[in-house]
Amino acid sequence: MKFGVIVFPGSNCDDDMVYVLGKLMQQDVVKLWHKDHDLQGCDFLVVPGGFAYGDYLRAGAIARFSPIMESVIAHAQNGGNVMGICNGFQILTEAGLLPGALLQNNNQKYVCKNIYLKPQTTDTLFTRQLNAEQAYKIPIAHGEGRYHASPEILKQLNDNNQVLFRYCDQDGNINETANPNGSLENIAGISNEGRNVFGMMPHPERASDNLLGNTDGRKFFESVIGQVLV
Amino acid sequence: MEEQLTTVETAMQLGLLIEEFEKIKGLLGRTPNFTELSAFSVMWSEHCCYKSSILWLKKLPKSSPRMLAEAGEENAGLVDIGNGLACAFKIESHNHPSAIEPYQGAATGVGGINRDIFTMGARPIALLNTLRFGDINLEKTKHLLRGVVKGIGDYGNAFGVPTVGGEVYFDSSYNTNPLVNAFSAGIVETDKVASAIALGVGNPVFIVGSATGKDGIHGAAFASKDITEDSAKDLPSVQVGDPFQEKLLLEATLEVIATKNVVGIQDMGAAGIICSSSEMSAKGEHGMDIDLDKVPLRQENMLPFEILLSESQERMLVVVEKGKEQEILDIFDKWDLNCAEIGTVTESSNVRFFQKGELVADIPANALVLGGDAPIYEHSYTEPDYFQQYKQFKTEDVPEPTDYAEVAQFLMKHPNIVSRQWIYEQYDSMVGTANASTNSPADAAVVHVKGADQAIVITVDCNGRYVQADPKIGAMIAVCESARNVVCAGGDPVAITNNLNFGNPYNQEVYWQFVQSVKGIIEACEKLETPVTGGNVSFYNQASTVSKEGGNVTNAVLPTPTIGMLGLMDNLEHRMTLDFKNVGDIIYVIGEPKNDIAGSEYLTSYHNFKESSAPHFDLEAEYDLQQTVKALIRDKQIQSAHDISDGGLFITLAESAMPRDLGFSILTTFDEIDVRKDAFLFGESQSRVVVTIKAEDQDRFEDFMKEQSVPFFEVGVVTVSDFKVDTHVLMTTEEAKDVYNNTLGRHMDGGLAHA
């Protein structure tokens, strides 16, 4: 599988993603520049975290209009896999590839810390090797991460099993105190209806290197590549 | 040339002294015009030319075999870390802007220090900051704290470099004048280091990055006077930051430097174009001709002095090899940044500026800069009366408390001791996936150098209260505590950068504090073999306010010579953390307990007794302690290490117990130790470290320690869930965690309005 990491001006988790996919996961990975249209034959596209175009208007609002996004949207519509992390998730909702929106955290503050996530489905490429009973320790780092959607969309997400992760406590309980940003129903990540586009606010790439003392995030990438790496 | 010549009155309005105006006329051989005089006024400001401090700064130790760029040579110090890599690191203040506009003041502080790092070709990998605020119960303090933290966060988070540590203290001396010092460390391959120099007659000079506006004009001069109630009128002196532009500038700059077509490059910070052009020219012993009409501007009709002095952020001046212009233009075009050729390097030694074809300023570069003709002052100083008086302090004069649980509670929720979680959670501490401290707390931040099997170990430290009590000892403690923190995290202290924050240098007692502090830094750095690679001096940190009676009251902040220490870890196996690991592990104190509560938070805040000496300190004992702890870590004998600092032994033990929800049980009376119980628990006498060892390692540990010169004793054991002293439970771990983790948030977000 060939991975492509989209680089917008202001992306700042692109190198981290390339490091995890290339060096730790030993995958073929290239960076894709926002001014290009060419996806260079990539199978799996990653829209990484950061502040694309500065995010001064609204997170992800400008990035969706960049040349590369036309190709990303076409790739997704043809059934290709696209994953958005943090700012990438915001961009994918702005681009209409994922439903709902990410609003300012309910405490009005940027927050960076470890939180816990509980997988809600293992029926996607991205979650197939995860344990739905386990709480995964993964960092968040965002100011606009409060997931919001209309009641109709929310019902559709739940009915179709499109909620990938909910925020939970260390013991896996999904409750209000474990919700770091006020997200609707503790939603931390979702997929589209076709189950080929994924978005999540937490950063699994920040929990993948042994040197950082937390490798809970590796499982997410191992799911995607379909193998377990030691 | 502009005809309108200046007078001594104009010079004084611009903040120059009468004798400085005379000196300028002598250097030029004529009377300067307004543009030229403005250039001198900023370049000869304290902020740019260090005129009140340089004589003393020159005495700091600068050399070591690892030093690739010594203090003053480049924008930041450069240390060889092996593997073909070097670390560029520096600390810089943004105190005055933050006092009147905390958000932008702090944000541009982060921007400025990072440009100093990447202008050398280094990619910043970690940020630290050191902050000082006034009484936390004041609304003004909360306003400043909120603004500064949001400013640092918004800038650093978007720029994409993690903030991995720092320190914060509250003291009413900082009520009007907070301190905001930002530290950055970056990594560069030693063959890709860029220099801030102008060479090669005919080489083109480019300005790149943001357009130039009217923000921050005379910012350097503003930073060189006292903060007063009228300072808000200086608001236009504060710059406005754009982290997105800075991120683009970083990527474009590193790409351009990698082409090897860059002759020299310098960021624009204080004093803008005039500073970069004159410093690069003076360093290269060349001149520059600059056409101000070619500088991209944000607004029309800017006057020459405004363009020269503008401190608009996110800009660089670049000298490129002639013939390679297009490559540079292409890279900046790729990143959608301005890149304008505005001049050339000349054979003369003057910087000359033109507008509409007219020569508007013509100044010998050397006349403007530090190390050239910029003035140097030797101020007189006097030992203040309080100094000898504070030294009379005796622990015996203070009554022992009757309720130790109450003291423990008091300290666990003191603003100077509690967790800074409310602050650091607003900073992205993990971007870059190299901060190894997130899941493993330690006395210093450990940041992995990707591509090499090593880490940098960094920390910032200074206790202004100790420095006030005894500036020389206090500054030595700041250096040694930063080194101790690096050692306790498993690193080797290598070099320091310092940020010397003091009051008005013309006040003889303030200047005495400055001089004594520099002497302390010299002595400690020589002993530890950690040279000073550079840094920043910030004078005029005082507030003149109007008293109720109507008179002017001027107070200097606590003297605060902040030390930023760079350490190295060449073997990642040597990492050490501060948290207790297992119930039953045995707790030892290494270093000698003293019957001393001087300078402690306990004495100052609990007893409200502020006139004491610095805590006990002995440089030789400190050195021996650090060598011993280093050996214990390398030998894999200990499970945790945490140095005893603010709040004393009790707080140190609590901080080690809380991360894993553990507790401790200790004794305070020993046959061979004659120390009062409060001094034993809460005293801050220096050069002590708490370590834990597994029970089965006890014999080996004691055998090893008996061979060392450093005293040690077994103080207790790691337990399950409470803090027990002499069989009495002073707090449960749960109670402690609640107040320790949440007090600052309760102050800031309500619930503790006037606790």
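The model is predicted: local features need pLDDT of at least 70, side-chain atom pairs count only at pLDDT 80 or more, and totals for chains, interfaces and linings use all residues. Residues are numbered from 1 along each chain as its sequence is written, chains are lettered from A and ligands numbered from 1 in the order in which they are written, and side-chain values use heavy atoms, with hydrogens and water left out.

B:Asn507 sits in the loop between β17 (492-501) and α20 (508-528) of chain B; helices (H or I, at least four residues) and strands (E, at least two) are DSSP runs, numbered from the N terminus. With 34% relative accessibility, B:Asn507 counts as partly exposed, where buried means under 20% relative accessible area, exposed over 50%, and partly exposed in between (1.4 Å probe, protein chains only). From B:Asn507 to B:Glu314 the separation is 193 residues in sequence and 35 Å in space, C-alpha to C-alpha.

In chain B, five strands form an open sheet in the order β15-β16-β21-β17-β18, with mixed pairing; two strands pair if DSSP finds at least two bridges between them. The edges are β15 (445-449) and β18 (532-538) of chain B, each with a single partner strand, so one side of each is left without a neighbour in the sheet. Direction ignored, neighbouring strands of this sheet are turned by 20 degrees against each other on average. Within the sheet, strand β16 (residues 454-461) and strand β21 (residues 560-569) of chain B run antiparallel and are joined by seven bridges. Here B:Ile456 stands opposite B:Leu568 in β21(B).

Helix α19(B) packs on this sheet, touching β16, β17 and β21 of chain B, and its direction makes about 25 degrees with that of β21(B). Contact means heavy atoms within 4.5 Å; axes are lines fitted to C-alpha atoms, for helices over the stretch in contact, and angles run from 0 to 180 degrees between N-to-C directions. Helix α20(B) lies across β17, β18 and β21 of chain B, running at about 175 degrees to β17(B).

Helix α19 (residues 471-488) also meets helix α22 (residues 619-634) of chain B: their axes come within 9 Å and cross at roughly 10 degrees. That makes α19(B) roughly parallel to α22(B), since angles under 35 degrees count as roughly parallel, over 145 as roughly antiparallel, 65 to 115 as roughly perpendicular and the rest as oblique. Residues of the contact include B:Met476, B:Cys480 and B:Val487 of α19(B), and B:Leu625, B:Val629 and B:Ile633 of α22(B). The contact divides into nine nonpolar, one polar and three charged residues; Ala, Val, Leu, Ile, Met, Phe, Trp, Tyr, Cys and Pro count as nonpolar, Asp, Glu, Lys and Arg as charged, and the others, Gly among them, as polar.

Another sheet of chain B has seven strands. This open sheet has the order β23-β25-β22-β26-β24-β27-β28, and its pairing is mixed. At its edges stand β23 and β28 (728-732) of chain B, each with a single partner strand, so one side of each is left without a neighbour in the sheet. The twist averages 25 degrees from one strand to the next.

B:Ser640 belongs to strand β23 (residues 640-643) of chain B. With 1% relative accessibility, B:Ser640 counts as buried. The side chain of B:Ser640 makes a polar contact of 2.6 Å with the side chain of B:Thr692. Not counting residues up to four places away in sequence, B:Ser640 touches several residues, among them B:Met576, B:Phe580, B:Val690 and B:Thr692.

Two loop residues remain. Most residues other than glycine have a negative phi. Phi of B:Asn608 is near 55 degrees, a positive value; B:Asn608 lies in the loop between α21 (601-606) and α22 of chain B and is exposed at 56% relative accessibility. In chain A, phi of A:Asn161 is near 65 degrees, also a positive value. A:Asn161 lies in the loop between α4 (151-159) and β9 (163-168) of chain A and is partly exposed, with a relative accessible area of 36%.

Conventions. Polar contact = N/O pair within 3.5 Å; in protein donor to acceptor, adjacent residues only side chain to side chain.
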